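Hi everyone, thanks for coming. I'd like to walk you through one model today, starting with a helix and ending with the rings. Please have a look at it with me.

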Amino acid sequence: MIIASNFKTNFTRARTDDFVLAIQDFMRDTRSHQQVRIFVPATALDLFDEVPSLHVGAQNFYPVQNGSYTGEIGFEQLEEFGIDTVLIGHSERRHILRESQAFIAQKFDFARDKNVEIVYCVGEPQEIRSLGIDAVMAYIWEQFEGIDINYGRAIVAYEPVWAIGTGLSASDEDIQEVLERLSEKISTPLLYGGSVKVDNIKAILSIPKCSGVLVGTASWNAQDFSYMIQTADELSFLQN
Ligand code: PGA
């Protein structure tokens, strides 16, 4: 399973180091085989001595190798740290930073051409959810416009906007329905994100078609994040 943490605009470089070390130790001690991703702030990118299935990733980049884009970070700056996984399309970038679908598709193409793993986020706001599943899916399919979803290193994260950072996760039934519909047309691994926590991760990881989770708030405590990895280990063990 894929267990991913999104630090967003939290954690200093020093705290990131401590966190990554703690998770590495946990994974070594428990011989965890989960695919763990930790999306850290750009200032905390570093060359981590990673356990093979743990990768530190970038939350953002500007789709250029380098150039004159004051304040932005290009791919050269990610390559310096061997970054092999990036987040694209997160709702905070779509809605707060106002990234357009065309720009998001440009970033996707750039990362695809670099052959890095892409965790591509989609999800509907509350006003669309209240219109029902067909409206939700129509909204989500628009977020695939210009996206080469056949790219072999793409992972899709379904993250309803109203569930992100609110403490209010989507119901298991709602998650299952969206993941089922997505899986009819795309074959990437599918994650769920939006108020995943210690209390609900087991149920969410047990949903058919759910290959993992993208966790914000509840992942920022290393012990809790370790518990989430352990839960995935236990479920994987039961499934095998
Ligand atoms: P949350 O954030 O877990 O705090 O809801 C999820 C995300 O933004 O990826």
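To check a helix, take its expected span as 1.5 Å times one less than its number of residues; helices here are DSSP runs of H or I with at least four residues, strands are runs of E with at least two, and both are numbered from the N terminus. What you see is a predicted model, where local features need pLDDT of at least 70 and side-chain atom pairs count only at pLDDT 80 or more, while totals for chains, interfaces and linings use all residues. Residues are numbered from 1 along each chain as its sequence is written, and side-chain values use heavy atoms, with hydrogens and water left out.

So, helix H9, residues 222-239: its 18 residues should span 26 Å, and the end C-alpha atoms are 26 Å apart, which agrees. Among its buried residues are Phe225, Met228, Ile229 and Leu235; buried means under 20% relative accessible area, exposed over 50%, and partly exposed in between, with a 1.4 Å probe and protein chains only. And what covers the buried residues of H9? The cover includes strand S1 (2-6), helix H1 (13-30) and strand S8 (212-215), counting as contact any heavy atoms within 4.5 Å.

Helix H1 also holds threonine 16, which counts as buried because its relative accessibility is 0%. Beyond its neighbours within four places in sequence, threonine 16 touches Phe7, Phe11, Val40, Pro41, Ala44 and Phe48.

Now the rings. Rings of Phe, Tyr and Trp (its six-membered ring) pair if their centres lie within 6.5 Å; planes under 30 degrees apart are stacked, over 60 edge-to-face, and the rest tilted. The whole structure has 13 aromatic pairs. One of them joins phenylalanine 61 and phenylalanine 75, edge-to-face, at 5.1 Å centre to centre and 85° between the planes. Phenylalanine 61 sits in the loop between strand S3 (54-58) and helix H2 (75-79), and phenylalanine 75 in helix H2, so the pair ties together parts 14 residues apart in sequence.

Leaving aside its neighbours within four places in sequence, phenylalanine 144 is in contact with Gln101, Tyr120, Val122, Ile149, Val156, Leu182 and Ile186.
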